[in-house]
Structures are given as C-alpha cells and as structure tokens.
Amino acid sequence: MEQYNITGMSCAACSTSVEKAVSGLPGVTACSVNLLTNSMSVEGTAEETDIIAAVRHAGYGASKKGEDAGTYAEQKESGSAEKEATKALFHRLVASLGFLLVLMYVSMGHIMWGWPLPGVLADNPLTLGLVQLLLSAAVMVINQRFFISGFRGLLHRTPNMDTLVALGSGASFIYSTYAVFAMSHAMLAGDVTSAHHFLHELYFESAAMILALITLGKMLEARSKGKTTDALRGLMNLAPKTAVVIRDNVETEIPVDRMRIGDVFVVRPGGSVPADGIVLSGSSAVNESALTGESIPVDKGEGDFVSAATINQSGVIRCEATKVGADTTLSQIIKMVSDAAASKAPIAKLADKVSGVFVPVVMLIALVTLCVWLILGYGIGFALSRSIAVLVISCPCALGLATPVAIMVGNGVGAKNGILFKTAASLEETGKVRVVALDKTGTITAGEPKVTNILPAEDVTEETLLIWAASLEKNSEHPLAIAIMEKAAEAKLEPLDVTNFKALAGNGLTASLEGELLCGGNLNFIRTQADIKEETEAAAKALAAEGKTPLFFARGGRFIGMIAVADVIKEDSPAAIRELQRMGIRVVMLTGDNERTAAAVAERAGVDDVIAGVLPDGKEAVIRKLQQSGRVAMVGDGINDAPALARADIGIAIGAGTDIAIDSADVVLMKSRLSDVPAAIRLSRAALTNIRENLFWAFFYNVIGIPLAAGVFTMQLGWTLNPMFAAAAMSLSSVCVVTNALRLNFFKINKEKYKQKGRKNMNKTLIIEGMMCPHCEGRVKQSLEALAQVEKAEVSHETKSAVLTLSAQVADETLKAVVEQQGYQVLEIK
C-alpha cells in the first residue's frame, strides 16, 4: 500500500472526487482518501506519476509520502504543516474581521440603528455604497482561496464546499454591485429617494460575513481536528532524540537517527531507551507504559529485550541495538495507528455516496429556490437571499468528517492503552462480534508450563527418562518442550545429540538416538509406536482431570515413560471471560489438548464451550463452523493460530506472540493480557456509536437546514433564514461533529462497571507487610485489580496499605490469598 499527501481538499466532495479519479486508473485495485489527515492510500500496480497526474487533473495536489510514512519523522512534518495551516487561517480570520466590523458598522449600524457616520457618507448614498463595496472586496481578496478552489472545482466538474461558498458570497457581491450601479444611475438622474432605496438592496455585508464565518468555522475545525491526533503526537513525543553509544570504548552521545544495528548503548536511571535491543549487562526496572499503557515497571536483566521509548527507572543497563529508526516497536505502532487513520471504515460508504452528488444537488436546489420565489412574485433580493442561504448552509464537510474523526480518536485511545487496531474496518467490526474463540496456551494460560510429574516405565529411571525426553525436545520451540528442557537444566542433566529430528503437527516429535527411533507426543500418536498398558492410560486420565498435559515417550518401539506438564491460568483470564459473557458474547476455548485436560482448564477459566483435540489446520475449520452463529473473533499468539486469525471476522493477536500471528491479526494487544479483549470490544462499540451520532447529526443538519434556508416554512410559519446565520450554522456543523468525536478521549477503557442502579461502591482497606518500593506497589495493585469485584486499588508502600473500591462483595480470604501469592503478608483487613 502506497501513501500520498493530498492538498487542496476542503470537504467530503473533494475527497470523493480524488478517490474517483484515482480509482479509475488501470492497475489500481483499491483507493481510500482521508479528509481528516489529507492523505490517500493506494493499492495496485499503477505508476506513481499516473496517480499524481490523476489527482492534479481532478484539481488537487499530490505528493508521495516517504518510505518512513506514518513514522516519527513523517508525522512530525505533517504536524508542523497542520500548525502552519491553522496559523494562516487565524491570520486570515483576524484580517477579515477587521474589515468586516467596519463594514457592519457602516451598513447595518447606520441604516438599521442610526449610528453616526461622517457627513460625506451619511449624506451621499452612492459614497456609502462604494465604501461597502470596497470593504467587502477586501474581505473577498483576503479569502480568495474559497474562490480559487471553488471555481477550479467547477472547471474540473468536481464542485465542492468551496464552490458553494464562492457562489453564495459571489452572488451577494455581484447583485450588490449591480445595485450600486443602479444607485449611481439614480443619483445622476437626480432621484436621491430611489438612490436611498437601493441602500436596502445591498448585501455586501452578507458576502463578507459568509466568508468570515466560514473561515472562523474552518479554523475551529482545524483546531479540533488537531486534537484528534493528540494521542499520535503523544506517541511521537516519547521518542528520544539522542542516545549514548559506546564507540571505540568511549561513551558518545549521538542523535538517534545516526544509530545503527549492532550499536552498544547505555541507558542510565531516568533515561529513555533509544532503540529496540537486548540487554548485554546490568539489570533494572523498565517502565513500558509508552508501548503497553501498563504503568507497572517490568524487571529487565541480561538477555531480556527492551524497546525504544521505554523508561529506565533504576539500574544502569548496556544493550545492543537490534532495531533502529523506522523498524522499532514504537515506530511500527505509530505507523499502524497512522495507517488505520488513513483507511476507510465500511460505515463511511453511505456518506461517500451522498458526498459524491451532494454539491451538484445543492446547486440545483439553490437554482430552483431562486426561480420558485421569483415565479411567486417575490423580489429579486428576497429570492436571491433564499438561494444564497441554501448554498452556504449546506455542509458536505460534516458528512466527510463524521467517520474519520471518530476512527482517529478511537485509534488514539486504543494506542494509549496498548490496543492497536490495524485498520478503520477492524475498529468498526470488533464491536460486532458475537463469539470469541480463545486459544488456550499463551492466551488463557500463561504459556509457560512446568513439569509436575515424571512417571518412567518399569525398567527406566526418572533421570534416564528426563535425559531422553530433553534430547528429543531440545530442537522444539513448543512451550511444553521448553518446560522439559527447564526441568532437565534444574536437575543439571545434559541432553544427548539426536539426528533426523521431525515435528509432526498436532501429534508430536521424532528423532534418531543412537540408531533407535525416539518418539514423544500425545497418547494417540505413541500408541502407533509402542504398546501402552491400561494402568498407564488410567494414570494419564487422572492427570488430565487435574488440568495437566501428559506427554508419552517411546524408544525403539518400546514405551519408556510419561511426563506431565501443567500450564497456569493467567490471573486476569477468568475475570476477562466473565466480562465477555456479561457483554452477551459466547466464549469458546480451542486447544490441541485431550478432552479431560481441556475440560479441567475450561472449568477453572469459566468458558461457555471447549473444543479439544484441535490440530493447527483444524482451528481454521472450527472458526468457519462458529461463524454460522455470528461474527467471530479469534484470539491467539502462536504460528499455528495464524490461519484461524486470518479466517475469523476479527483476528486478535497477543502482542507477546509470534510475528506471523501479529501479521495475520486485525487487532494487536500490546499488554498480552486477556482483559484487553473486552476492552477492545467496548472501545469499538463506543467508536461505532460515536460514528452513528456524527452521521445522524450530519444528515439531520442538512435535511432540516436546507429546507429552512430555501424558505419552505415561510408561507406557513413565516420562518426565513438570513444567509449570514446560514453561514454560521454551516461553520458550527463541522465543529460539532469533531467535538463529539473528541468525547471518546474520556471513554473508560480499563474496566466496565456492572453496578445496580442506586448502589454505592464498597471500600476495604488492607494492611500489608513487606512492600518496600513503588515496584512492590505495582505488583500488589495489578494482582488486586485483576479481581472482577475490584474497581480500583490505591496501594502505598509508605502507609503499608491498599485501599480498595469494590463493585461487589469479595471474601477477605480471596483478597488475602491474592496478595500473599505475590510474596507479601496481609496483617489486617478493615
């Protein structure tokens, strides 16, 4: 996907025109133009020169974004351009208001309220008319952009909002100029009374007021639109500007853009990590809230990964840069949020269709309005006012901004909280899911299983079984294999070398050891390699009933033993699953484990359904079947989850998972915790509601405003709309849409409250012994807030207390157990 900057757009009709022009090019498979960010995304094989030429032919400017589009440098440049544009609008507004205030005093102040004027103006209506003409012309020159853009759109047969403004203001000016000439003719004829009468036919103040009010609206809109990207700018501001690297054994401070992969850099307490890297020496607690939204510091030591823009809070660490510049995690997050903002949500299609014909239809309505009032016998001044009001009250801007502003703010809120939506469509569709399918390992569970039982065959020792098992598993990256390797390392056992290693997806592993076939895997697979006694199967069933995974091993066609491995459920998984269920979502767990093990885990997690014994290629088929019940979201983290993530209506990847899983997903959870799944769904629903509110306002405004401006209610109710008020209404309509979208910034994403009406929160205070620092506070706070009944936990190591705000009763024993699991002692609960 290639991205382009587009200049000259002022409303939804403009973006629709550009989209049509580029979409019609041979080789373009998809094109999306975003009015909010003034950008265009193009997919296909069309040449860059042809795309830019098509945009220019439509009457707009285009330039291709750099290779780092969407990253820090590109966004910073874009932000600077936005500030300059807003500043220019402000200067235009100030200059316009200066001339407009004088014009309003001369025209309406003197004529309507009798305010004093110099004798040369008060006694000569022609002089008064000429002064109004000059003041109005000055405002038109200051705001000439409306006329240039508007009439250029007409020439290219792509009229836009500027066309409506230019026609409305221009018509007022031209008719008023005609009245001045008529006034001069009357003065030459000596008919001063008629000349004074023509003063009431002057609409110079309307021509100038329309331009000034539209400029005011544009400036307010620009400022409001700027706030929609606050979250993105906040991410960019986190990027450190310099780095301390070691070159020739000397610490040197350099700009981060001069860093190279392989550089060794030093980060001291309070410093920001300049690039993604791996810790070579030292240890520290690192605050990763910039990337994950999680304020609790994470301990880092030798061999651990660190990310750019995270903050080192304690010790000194030396790291080797593995990703720099546009490749860092922070830059990729910025690019992902930017790309999502540049894409278009499906709900915007209706607005696009309306925008495509909106301006021509409004121009036709204005012409019909003029003709009808003239036919009914009203004067040209009255008819022209109604026609001009129709032109300037119509607002295609509100239609064009209704969706992208909500998408931008929603994406920003998600990014600040570690939830990344890759496209506008994924933000819209996530809230519509009815079924959530959860992979067990690494999603519901921690993904770090431990060996719990070693059961060798009669003529095999535990040590021998563990050596042979480790020899087979050392070539595998599966979590169960890692658990066995860790157990062997604890026992200080060295695995043997094997050959012909093979991984059989969904079954197990095979290899050759000293000329014999060594196998490991599930019961069904090992049955094909060796005989297994009934008592062994019974023991395996008992282990599975406890939620453990029994692994069987055979060598040379002979069963040699069984090793049981168990994975622990993440602290927040049960609460997250309950929250999904309260939202009316069915929760299904998918796992390759046997039914007994899966059932034990499912019972502890609280899922609605469990589908066990699913092979990697079978998950995709299961998702296809679940889709018969409604929209399905698949949550996973492994390579074997990628097909299912791609097949699901919404794929949600755990951020700590594999790159393949993340690439296949529509939503990425940077915190790697299940509680962010319901948070993402709630945010999506809130954004979709906001979009619908914006679209309703945009359509309702035009449906009511245009008939009112045309004078439909004049005959029955006597209602008429002055063109100046019409211009004010048009200006405010876009501001209202953007302001409504900004309300999403106040959306509570962390936890939905389930409180009965009129019910007050309950409080409990825990006195805790053993907390020594803010890191201790963070551990206790995280463990307590993982409980569904805990709304908020305020923890202090200084007062040795935790003050809890509860939405429901929770047993003191439960609170005590949660804290003591973290290694602290609860002395008292009040």
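Which residues of helix α23 (residues 595–605) are buried? In this predicted model, the buried residues of the helix are Thr 597, Ala 598, Ala 600, Val 601, Ala 602 and Ala 605. Their cover is drawn from both helices and strands: it includes the helices α17 (440–444), α21 (534–545) and α22 (573–582), together with the strands β20 (549–555), β22 (586–590) and β23 (609–611). Just after α23, the backbone passes through Gly 606, which takes a positive phi of about 90 degrees.

Strand β20, named above as part of the cover of α23, is itself mostly covered, with seven of its seven residues buried. In a regular strand, side chains alternate between the two faces of the sheet. In β20, Thr 549, Leu 551, Phe 553 and Arg 555 point one way, whereas Pro 550, Phe 552 and Ala 554 point the other way, and all are buried. Strand β19 (residues 516–521) is joined to β20 by four bridges, and the two run antiparallel. Leu 518 stands opposite Arg 555 of β20. Strand β21 (residues 558–566) also runs antiparallel to β20, to which it is joined by seven bridges. Here Leu 551 stands opposite Ile 563 in β21. The hairpin of β20 and β21 has two residues between the strands, and in it Gly 556 takes a positive phi near 60 degrees. Arg 555, one of the buried residues of β20, lies over the face of Trp 468, at 4.6 Å from the ring centre.

Aromatic contacts were examined next. The structure holds nine aromatic pairs. In one of them, the ring centres of Phe 147 and Phe 151 are 6.4 Å apart and the planes lie at 25 degrees, so the pair is stacked. Both residues belong to helix α6 (residues 144–155), and because Phe 147 and Phe 151 are four residues apart there, about one helical turn separates them. Phe 147 counts as buried at 14% relative accessibility, whereas Phe 151, at 35%, counts as partly exposed. A further stacked pair is formed by Tyr 378 and Phe 382, with 4.8 Å from centre to centre and 25 degrees between the planes. Tyr 378 is partly exposed at 32% relative accessibility, and Phe 382 is likewise partly exposed, with a relative accessible area of 24%.

An open sheet is formed by four strands in the order β28-β29-β27-β30, with antiparallel pairing. Strands β28 and β30 (825–829) stand at the edges; each has a single partner strand, so one side of each is left without a neighbour in the sheet. The twist from one strand to the next averages 25 degrees. Within the sheet, strand β27 (residues 762–769) pairs with β29 in the antiparallel sense over six bridges. Leu 766 stands opposite Ala 802 in β29. Helix α30 (residues 774–785) packs on the sheet, where it touches β27, β28 and β29, and its direction makes about 165 degrees with that of β28. Helix α31 (residues 812–820) also packs on the sheet, touching β27, β29 and β30, with its direction at about 155 degrees to that of β30.

Positive phi values also occur at two lysines. Lys 800 lies in the loop between β28 (790–796) and β29 (801–806). Its phi is near 55 degrees, a positive value in a residue other than glycine, and Lys 800 is partly exposed, with a relative accessible area of 36%. Lys 492, in the loop between α19 (479–490) and β17 (499–504), has a positive phi of about 60 degrees although it is not a glycine. At 76% relative accessibility, Lys 492 counts as exposed.

Finally, cysteines were considered. A disulfide is a covalent bond between the sulfur atoms of two cysteines. The structure holds zero disulfides. Cys 319 is buried, with a relative accessible area of 0%, whereas Cys 736 counts as partly exposed at 37% relative accessibility.

Terms used:
Residues are numbered from 1 along each chain as its sequence is written. This is a predicted model: local features need pLDDT of at least 70, side-chain atom pairs count only at pLDDT 80 or more; totals for chains, interfaces and linings use all residues. Side-chain values use heavy atoms; hydrogens and water are left out. A disulfide is a pair of cysteine sulfur atoms within 2.5 Å. Buried means under 20% relative accessible area, exposed over 50%, partly exposed in between (1.4 Å probe, protein chains only). Contact means heavy atoms within 4.5 Å. Rings of Phe, Tyr and Trp (its six-membered ring) pair if their centres lie within 6.5 Å; planes under 30 degrees apart count as stacked, over 60 as edge-to-face and the rest as tilted. A charge sits over a ring if NZ of Lys or CZ of Arg is within 6 Å of the ring centre and within 35 degrees of the ring normal. Two strands pair if DSSP finds at least two bridges between them. Axes are lines fitted to C-alpha atoms, for helices over the stretch in contact, and angles run from 0 to 180 degrees between N-to-C directions.
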